[in-house]
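Here is a report on a two-chain model. It covers helix packing, domains, chain shape and the contact between the chains.

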Amino acid sequence: MENSLMNSKYFYYKRKLTSSIMMSLTFVAALAAIIPLVFIFYYTISKGVTYLNLDFFIAMPKPVGEPGGGMANAIVGTLILIGIGGAIGIPVGVMTGTYLSEFGNNKFGFMVRFLTDVLSGVPSIVVGVVAYTMVVLPMKHFSAIAGGIALGILMIPTITRTTEEMIRLVPHSLREAGLALGIPKWKTTLAIILRTAWKGIATGVLLGLSRAAGETAPLLFTALGNRFWSTNIGQPIASLTVYIYDYAKSPFEDWNQQAWTAALVLILLISVLSLLFRIITRSKYKTN
Amino acid sequence: MEIKLSVKNLDAYYGKNKVLNNISLDIPKNKVVAIIGPSGCGKSTFIRTLNRMHEVVGGSIKGEILLDGEDLTKTDPVLLRKRVGMVFQKPNPFPTMSIFNNVAAGLRLNGVRNKKKLTPIVEKCLKQAALWDEVKNNLDDSGANISGGQQQRLCIARTLAVDPEVILMDEPASALDPISTTKIEDLIFELKTNYTIIIVTHNMQQAARVSDYTAFFYLGKLIEFDETNKIFTSPSNKQTEDYVRGRFG
């Protein structure tokens with residue numbers, strides 16, 4: 001009796017010990033996961049803040065050697081590029097995701113799901129090459145539209161899969177409730193299912209947009225870049241990422257500095273976008 | 001006695017699996033019919049064939065179901081479900097909609113958008129569902145933020161709003177506490193003046209309390225269908241007697 005009691009005490013402490021060791025390990029892992037993020041913020045903010053002033057948002061880039069200047073064209077360019085990308089990627093992604101979750105339990109759905117997974121693994125530069133071949137070559141010049149198409153293609157898999165997952169999370173009972181009221185299936189899907197999953201879908205859309213906003217490789221030979229102000233989507237257009245790439249590898253000190261500022265602005269841009277999405281998708285009701 | 005629904009030689013399947021076997025019964029108008037039987041006997045499947053929700057989950061049927069003499073297996077399911085409403089086991093209000101819009105959902109999503117037309121209907125249905133006094137001051141709150149019993153009455157109000165002729169209830173009170181259950185049962189009693197109600201229940205006292213007729217299902221077959229009084233006092237079938245006496249199931 002006493003022996004078994006001792007034993008149980010021994011196992012009790014052993015269990016406690018194992019539990020605390022594993023807990024500490026997960027804590028260390030969590031810490032390790034946020035360290036790079038902290039460094040990213042630290043460096044971009046400390047190095048980028050030097051040039052972060054109103055001029056950076058409203059002025060055009062200055063020639064080498066001339067101090068000051070901004071990247072108004074690149075900020076607008078990035079917005080236009082993700083705008084075009086979103087105009088392609090969001091409807092295609094959301095509709096594909098809806099199809100997959102509501103009607104996709106067949107061979108075709110399986111194939112689409114598989115191909116979207118493959119597409120999400122395709123390196124972004126390859127998508128750039130495809131856009132180059134399909135848009136830039138026939139047009140015979142670089143353009144914002146080519147860049148936007150490349151970004152749109154890159155968004156599709158993220159948006160599709162999140163939409164599908166989020167719609168699958170909507171309880172089946174809500175579908176049945178809609179149908180049992182004599183609401184046609186398409187309307188039930190649109191007004192009840194998508195409406196309920198909307199918040200999650202918006203997160204997916206945001207992920208897609210953020211990823212696209214941060215892409216450089218597919219823009220290099222599609223949107224190219226532009227030293228001048230342009231909002232013409234048929235012409236080459238500037239973007240923050242391509243500016244970061246060009247300025248960071250340039251031998252000029254103040255250009256390097258501006259590259260950091262561009263990086264900071266890009267992060268800010270995505271944060272603002274994220275905040276906007278949160279406000280737009282904020283639910284009318286407190287969830288309990 | 002006028003017959004509202006007439007089921008003739010109904011078989012129901014899930015894939016190749018036959019779950020209902022040759023069911024025939026007549027459901028009288030403006031009465032409450034209770035469907036009882038042990039789990040897995042086909043009660044829910046049966047009522048889900050009546051508004052063709054059975055086919056939504058991939059089921060199929062053979063046989064005839066006449067609603068006012070018209071074979072509903074050959075009509076458009078969307079139109080049918082406006083005539084044959086359904087209340088589910090677990091309350092399932094639309095979480096993104098307000099209480100008002102939950103009740104109005106069936107009408108709004110079928111094209112009635114005029115708020116002047118909707119308001120009196122919503123009020124009438126909430127009153128019919130005995131929920132009006134509890135929610136009249138917060139019609140704009142989420143339909144998911146009220147108690148379970150209120151949610152179920154909201155779902156009943158929502159069903160009433162499309163003005164059905166028949167209401168199917170699939171264990172409508174099994175997820176509710178005794179007080180909410182009593183409210184739902186009182187409601188069923190009120191509603192039968194205007195509607196034909198078919199209720200699936202696991203609770204034999206409930207069947208005895210609320211229904212005029214009772215059907216006992218066992219292993220996919222209709223064992224006995226008669227006046228509730230008779231089923232619970234002197235059933236003609238031995239299996240029915242054993243079940244209502246609590247000897248099995």
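H10(A) and H11(A) cross with a left-handed sense. A crossing counts as left-handed if the near helix is turned anticlockwise from the far one by less than a right angle, and as right-handed if clockwise. The contact draws on Leu240(A), Thr241(A), Tyr243(A), Ile244(A), Tyr247(A) and Ala248(A) of H10(A). From H11(A) come Trp255(A), Asn256(A), Gln258(A), Ala259(A), Ala262(A), Ala263(A), Val265(A) and Leu266(A). Contact here means C-beta atoms, placed from the backbone, within 7 Å. The residues of this contact of H10(A) with H11(A) split into 11 nonpolar, 3 polar and no charged. Ala, Val, Leu, Ile, Met, Phe, Trp, Tyr, Cys and Pro count as nonpolar, Asp, Glu, Lys and Arg as charged, and the others, Gly among them, as polar.

The model is predicted: local features need pLDDT of at least 70, side-chain atom pairs count only at pLDDT 80 or more, and totals for chains, interfaces and linings use all residues. Residues are numbered from 1 along each chain as its sequence is written, while chains are lettered from A and ligands numbered from 1 in the order in which they are written.

H11(A) also packs against H8(A), at residues 185-213 of chain A. The table gives the geometry of both pairs. Axes are lines fitted to C-alpha atoms, for helices over the stretch in contact, and angles run from 0 to 180 degrees between N-to-C directions.

| Helix pair | Angle | Axis distance |
|---|---|---|
| H8(A) and H11(A) | about 165° | 10 Å |
| H10(A) and H11(A) | about 155° | 8 Å |

H8(A) and H11(A) are therefore roughly antiparallel, a label for angles over 145 degrees. H10(A) and H11(A) are roughly antiparallel too. The crossing of H8(A) with H11(A) is right-handed. On the H8(A) side, Ala202(A), Leu206(A), Leu209(A), Ser210(A) and Ala213(A) take part. They meet Leu266(A), Leu269(A), Ile270(A), Leu273(A), Ser274(A) and Phe277(A) of H11(A). This contact has 9 nonpolar, 2 polar and no charged residues.

What is the secondary structure of chain A? Chain A has 11 helices and 0 strands. Helices (H or I, at least four residues) and strands (E, at least two) are DSSP runs, numbered from the N terminus. The radius of gyration of chain A is 25 Å, well over the 19 Å that the globule rule gives for 288 residues, so chain A is more spread out than a compact globule. That radius is taken over C-alpha atoms, and the rule is 2.2 Å times the number of residues to the power 0.38. The C-alpha box of chain A is roughly 85 × 60 × 40 Å along the principal axes.

Chain A divides into domain 1 (2-51) and domain 2 (58-280). The bounds come from an automatic or database domain assignment. The C-alpha centres of the two domains lie 35 Å apart. In contact are 7 residues of domain 1 and 7 residues of domain 2.

Chain B has 10 helices and 10 strands. Its radius of gyration is 18 Å, which agrees with the value near 18 Å for a compact globule of 249 residues. Its C-alpha atoms fill a box of roughly 55 × 40 × 35 Å along the principal axes.

The contact between the chains takes 24 residues from chain B and 17 residues from chain A. On the chain B side, helix H2 (77-83), strand S6 (84-87) and helix H3 (99-108) each give two or more residues. H2(B) gives the largest share, 4 residues. By class, the chain B side has 11 nonpolar, 8 polar and 5 charged residues.

Terms used:
Parallel < 35°, antiparallel > 145°, perpendicular 65-115°, else oblique. Contact = placed C-beta atoms within 7 Å.
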